[in-house]
Amino acid sequence: MTTPGEREFDALLEAEGAPPRGPDGLAQGSAPGLGEAGETAPPPAHAPRLTRVDAWWGRLLSTPGRRTAWRWGGPIGVTVLAALLRLWHLGVPGTLVFDETYYVKDAWTLHELGYEGSWPTDYDASFAAGGADGFLTSPSFVAHPPLGKWLISLGMAALGPGDPAGWRLSTAIAGVLAVALVALIGTVLLRSTLVGTIAGFLMAIDGHAIVMSRVSLLDNFVMLFGLLAFGAVLLDRRQSAGRLEAWLARRRGAGRDTAWGPALWSRPWLVTAGLMCGLATAVKWNGLYFLAVFAVYTVVVDVLARRRAGVEFWLSGTLFKQAPVSFLLTVPIAVVAYLVSWTGWFVTGGGYYRDWVQETGERWTGGLAWVPDVVQNFWHYEAGVYAFNVGLQTPHDYQANPFTWLLMLRPTSMYYQGTDLGQAGCDVARCGEAITSIANPLIWYAAVAACLYLLWRVVRHREWRHGAILVGIAAGYLPWLAFSGRTVFQFYTIAFEPYLLLGLAAVIGLLLGRRTDDLDRRRRGLSITAGFLVLAVAVSVWWYPMWTAQQMDWEWIRLHYWIPSWK
C-alpha cells in the first residue's frame, strides 16, 4: 500500500515530465524525442520530502481527469488572457496610427478591387470618418506582398471598413493564436505543461506583443506563420527519426545495404513547414529567412540522426540523398503559396506594373522572348520591390539599428496625442495618449539574458531542445544584421520574440529544477520564479495604459521613459 506522500509523488511525475540532471546539477532539457516525458525513476521506498507547493500540486492533480484538465487548461487560460488584453477597446484610437495609413487602406482596396489602389492625398482623417469608398482605381506601388493585407481585409469585411476595431481585428487574432502556439510548443518542446504555460503567459502580458496585436501592421502575421513553421519542423524531427529507425530495421533485417541511408519522401510536417514559410514570405519578404534557416536546421538534424543511427556515410548520404528530397518537399510549395497570394494582381488588369511590357514595349529578347508578358510584368514589379526594400535609407525618428534591437534602445512610438487642461476630458495641466512598442522591460531583458545563457549551455552540453529555440531566434534576427544601414525598426523583433520567451521559460524550468531536488534548492527555485512572475505582472499593469492609448497625466507618462532614447 502506498502512502499519501508517494501518491502525491506519482501524480506529480505523471503531470509533469521531470527532465534529467545536467553536468552542472541543474535540470536539463535535452532528452531526445519531441514530446517524450523522459525516463522517470519509480518513487523511493520512502516518499521524498516535498515543498508545500509540490505537495499541494500533487493533491490537486491526483486524478487522471484533473491532470488532463491542467494540460489543456493551462494553455487555454493564457490564451483567454491574451484575448482580453488584445481585444479590449481595440478600436481605440479611432484614427490610423503609424503604418496603418498604408496597410489598412491597401487592405480595403484589395478587398474592393483585387489590387492595391491609390487614395487622395492626406485622406487618413476622411477614411477614419467613414470615407472608405474614396479610393481611386489607379494602382499604388506597394513594398510588400499582399497576403497580410488580405488578412487585414477580413476583419474590415467582418466589422465594416469604418470600424477601427475591424482594421485591427485580424492582427489581434493572430496575436492571440501566437500565445496559444507558444504555450503548446513550450509544453511539448520543454516537456512541461507548467513551463509551456509560463511561456504563453509571458507572451500574453508582454507589451511589445500586445501592441503588435493592437495595431494593423504586417509583422504579427510573419511571426505567426514562422511560429507555425517552427512547430512543424519540430514535429518533423520526431516523425522522421522514427521513420529512419524503421527503414534501417527493415533493411538490416533483410540483410540489405544501409550505408547511404534513406531518402525519406513521406514527411508531411516538412511540407507543412514549407507551406507556412511560403505564407510568411507572402506577408513580408523576411519570411524567406525562416525558410532558409529552418531548411539548414532540418539538414543538420538529418545528418546527426543518421550519424547516431550508425549510417556509414551519414554526411554525404544526407547531402546527396535526403537534402535534395527535403528541398523538393519545402521550396516548391513555398513558391506556390507565395504566387497564389498574388492572385488578385494576376486576374485583374489594374495592378501596379500589370501592363508594364505592353505600355513600354520593353519585352525580353533572345532566349527569354517566349516568357509570357504577364510573367515579365510580375518579374519587373518584384525587381522594383526588391530595389526599394534594399535601398530604403530614408531617415526616420524611430529607426533602430538591428545591432541595438536586443538592448531595446529605440522602440517605436506608434501613436501619441497630447491634450491640455479642459480638452477631451483632460483634468490636469497636460495629458497624453500613447501607443509605444516598449516591451515589458523585465520580461524583455530577462529573456535576452536567458537566451545568452542557453547559447552557452548548447555549446557546452549540446542540448538540442535549447538549440532549437536559438534557431528560431537566428531565423528572425540574424539576417537583419546585414541591413544595418537600412531604415528598420525595433518592432520587427516581434518575428523572433516568441523564441526569446521560450528561452526565458526554458531557463525558468531549469531554475525550478526537480521536485526531488534538495528541499532548499527547490524552495529557492519556486520563490524566485514566483517573485519574477508577480513582478512581471506588476510591470505590465504599470505599462498597459502606454500600450493601449489610454489618456493619462503627462507627468505619469514621463515616468515610463526609463531610457532617454525611449521618448
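This is a predicted model: local features need pLDDT of at least 70, side-chain atom pairs count only at pLDDT 80 or more; totals for chains, interfaces and linings use all residues.

Residues are numbered from 1 along each chain as its sequence is written, and side-chain values use heavy atoms, with hydrogens and water left out.

The structure holds 13 salt bridges, each defined as a side-chain nitrogen of Lys or Arg within 4 Å of a carboxyl oxygen of Asp or Glu. Among them are the following pairs.

| Pair | Closest N and O atoms |
|---|---|
| Asp54 and Arg522 | 2.7 Å |
| Glu100 and Arg168 | 2.8 Å |
| Lys149 and Glu116 | 3.0 Å |

Asp54 in helix α2 (residues 52-60) and Arg522 in helix α20 are 468 residues apart, helices being DSSP runs (H or I) of at least four residues and strands runs (E) of at least two, numbered from the N terminus. Both Asp54 and Arg522 are buried, that is, under 20% relative accessible area with a 1.4 Å probe and protein chains only. Because Glu100 lies in helix α4 (residues 100-113) and Arg168 in helix α7 (residues 164-189), their pair ties together parts that are 68 residues apart in sequence; Glu100 and Arg168 are likewise buried.

Three strands form an open antiparallel sheet in the order β1-β2-β3, where pairing requires at least two bridges found by DSSP. The edge strands, β1 (413-420) and β3 (552-553), each pair on one side only, and seven bridges join β1 to β2 (residues 430-436).

Conventions:
Buried means under 20% relative accessible area, exposed over 50%, partly exposed in between (1.4 Å probe, protein chains only).
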